[in-house]
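Subject: Structure handover

Hello,

I am passing on the structure below, followed by notes on what was found in it. Please read the notes with the model open beside them.

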Amino acid sequence: MNWSWLLVAEVLYVILVILVCMRVIYDTRSSTKTLAYLLLIIFLPVIGMFTYFSFGINYRRRKLYSKKLLMNEAMEQSLNDRIQSSSLEAYTQGKAAVSNNDRLFQYLLREGSPLTGQNHVELLLNGEQKFPRVLEQLRAATHHIHIEYYIYENDETGNAIADLLIEKVQQGVEVRFIYDDFGSHSIRRKLVKRLRSAGVKAFPFHKIIFIALANRLNYRNHRKIIIIDGLTAFVGGINVSNKYVNDPAFNNKLYWRDTHLMIRGPGVYYLQYLFLADWNFCAGDRLTVNEHFFPPVHTLLQKENKLVQTAVSGPDSDNPTILYAILRAIGLAKKELLITTPYFIPGESIMEALIVAAYSGIRIRILVPGISDSLLVNTAANSYYATLLKAGVAIYRYKKGFVHAKTLVSDRNLVMVGTANMDHRSFDLNFEVNALVYDTAIAEQLAQAFENDLLDAEQIDAEKWLSRPLYIQLFEKTCRLLSPLL
C-alpha cells in the first residue's frame, strides 16, 4: 500500500514538473532565460519551481499592473494632444540636433514619450554636485515637491532632505514621496513616520508583506526622480545616501562615481506624468492633469534649446522600451559609442548589436567596475568580454572606486542618462527611467567625464584576457548561465 502511494506521489510530482516546464516555455520571452529556468527546474525541481514562481513569471505579459495601466492610459490620453503638437514643434526647431537619431526619436514618440525643446540641462557628477543643487531647488518650491526613489537612507544626506521637506510642508507646499519598500528599508520605521506626522504624504511603491515577499522584491521601483512645481526635475543614477557623496566626513569605504541630470523646461512634463501615474497606483489616489502639475508649455520655455526625451519601462509597459531605445541608439551610431554601466549582463540582442557596430568600424569603449558590489554579477559579466574584445570593443575597469553611472554617449550628439543598468533586471523586471538629450554640448561634457574616468581605469588587454586559464573561463561561463536570473 505504501509503495502504491509512493508511486502515485512520484507520478504527480513528474506531472507537476512537466506542467511548470510547459508554463516556462509558453510564458518566457527570452530563449536564454527559458533555458535557464528549465535547467533549474529539471535538475533542482523544488528550488527551481520556487525560483521561477518567485522571480520568473512574465508580469508584462500577464498584466500584473493592469489597474496601473488603466490609470496611466487615462492620464496619458489627457496629455496626448499637448505632447504631439509640442513634439512636432520641437522637432522642427531642433531638427539638426535630432537628425542623426530621428529613428530613435520616432520610436520613443510612438511609445508615448514627447520630444521637448527649449530645455535647460545640467550634468551633475556624483552626489557632491547633485545634492547641493537638489537642496537649492527644493528651497525654491512654492506649490509641490514630488520625490520617487529606490534607495533613500536614514542618514545625514537623507535627513537633510527630509528636514527641508518638512519645512516646505509647513510653508504650505504639497510634498509627495514614493519609496521602494525594499531598497529604502532603513527609513520604514522612523523616518517615514516622522515625515508623515509632519504632513508629508509618503507611500511605498510596493508594501512588502510576507506572503508576497518574493514577487514584490523582484519587481522593484528603481526610479530616482524629483519634480519641483512642474518646472524642474532631477533624474539619473544617484540615490539618496551618504555613500553617493565623496565627503571624508562620511568615512565611505569606496569612492562612488555616478551621474545625474537636472532638467528645467518642457522635458519635465513626462517625468511628472510618470510620477503621478506611479503615485495614483501606490497611494490609491486620483490626481489628474492640471496646470499646477503641468504648467502651460510657454511658461516653461528656457533660453537654451536642449532637446529632451524620456525612455520608460517596467512590468506595466507593453515593451521593454529602454532596451529597444539602447538597441536603436547602437544601431544609429556612425562613429563612436561610450558606455558606462555598473552591471553588464547585456543579453543576446545587446551583444549582437555591439558586435555588428564594432565590425562596422564604430569605435566602442565600455567602462565597467573593477571593484563591484556583487561578485556573482561581476563574474557573469566577465564571460561576455572575450567576444567583445575579439570584435575590437575596448573595455575598461574602473579602479578608483565603484562606478555606478548608467550612461551612453553616441557620436558626441546623443546622451542617455538614467536608472537602467545594462542587464536583464533593468530591461525586464524593474521600473526604470532614462533621459535622452539630443545635444552636442551636453554630449561633449559627458564624453569628457568619460575620458576623465578612463584615467582611473585599466583597459583589459585582449591577448592576456583570452589566454586566461580555462578553469576561470569555465567558472565565468557557468555563472553566465544564471545571468538571466540575476
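Histidine 120 sits in strand S1, which covers residues 116-125. Helices (H or I, at least four residues) and strands (E, at least two) are DSSP runs, numbered from the N terminus. Before going further: this is a predicted model, in which local features need pLDDT of at least 70 and side-chain atom pairs count only at pLDDT 80 or more, while totals for chains, interfaces and linings use all residues. Residues are numbered from 1 along each chain as its sequence is written, and side-chain values use heavy atoms, with hydrogens and water left out.

Histidine 120 has a relative accessible area of 15% and is therefore buried. The classes are buried under 20% relative accessible area, exposed over 50%, and partly exposed in between (1.4 Å probe, protein chains only). The side chain of histidine 120 makes a polar contact with that of glutamate 122 at 2.9 Å and another with that of glutamate 304 at 2.4 Å. A polar contact is a pair of N or O atoms within 3.5 Å; within protein, one must be able to donate a hydrogen and the other to accept it, and residues adjacent in sequence count only if both atoms are side-chain atoms. Not counting residues up to four places away in sequence, histidine 120 touches Met262, Ile263, Arg264, Gln302 and Glu304; contact means heavy atoms within 4.5 Å.

Histidine 146 belongs to strand S2 (residues 144-149). Its relative accessibility is 0%, so histidine 146 counts as buried. The side chain of histidine 146 has a polar contact of 3.0 Å with the side chain of arginine 176 and one of 2.8 Å with the side chain of glutamine 272. Leaving aside neighbours within four places in sequence, the residues in contact with histidine 146 include Ile225, Ile226, Ile227, Phe275, Leu276 and Phe293.

**Linked salt bridges**

How many salt bridges does the structure hold? There are 15 salt bridges, each being a side-chain nitrogen of Lys or Arg within 4 Å of a carboxyl oxygen of Asp or Glu. Side chains of opposite charge can pair when their charged atoms come close.

Arginine 412 and glutamate 336 form one of them, with the closest N and O atoms 2.7 Å apart. Arginine 412 is in the loop between strand S14 (407-410) and strand S15 (414-418), and glutamate 336 is in strand S10 (residues 336-340), so this pair ties together parts that are 76 residues apart in sequence. Arginine 412 is partly exposed at 23% relative accessible area, whereas glutamate 336 is buried at 9%.

Glutamate 451 forms a salt bridge with arginine 365, and here too the closest N and O atoms are 2.7 Å apart. This pair links distant parts of the chain, 86 residues apart: glutamate 451 is in helix H18 (residues 440-454) and arginine 365 in strand S11 (residues 363-369). Glutamate 451 is partly exposed, with 24% relative accessible area, and arginine 365 is buried, with 4%.

A salt bridge of 3.4 Å, N to O, joins the side chains of glutamate 444 and arginine 412.

**Nonpolar cores and a surface patch**

Which residues touch the most other members of the largest nonpolar core? They are Ile161, Phe344 and Tyr438, in a core of 95 residues. Helix H16 (residues 375-391) gives the largest share of this core, 9 residues. Apart from this core lies another, of 48 residues, among them Leu123, Phe205, Cys282 and Leu454. A nonpolar core is a set of buried Ala, Val, Leu, Ile, Met, Phe, Trp, Tyr and Cys residues joined through side-chain atoms within 4.5 Å.

Helix H1 (residues 2-27) supplies the largest share of the patch, 9 residues.

**The chain as a whole**

The chain has 20 helices and 17 strands. Of its 486 residues, 58% count as buried.

Regards
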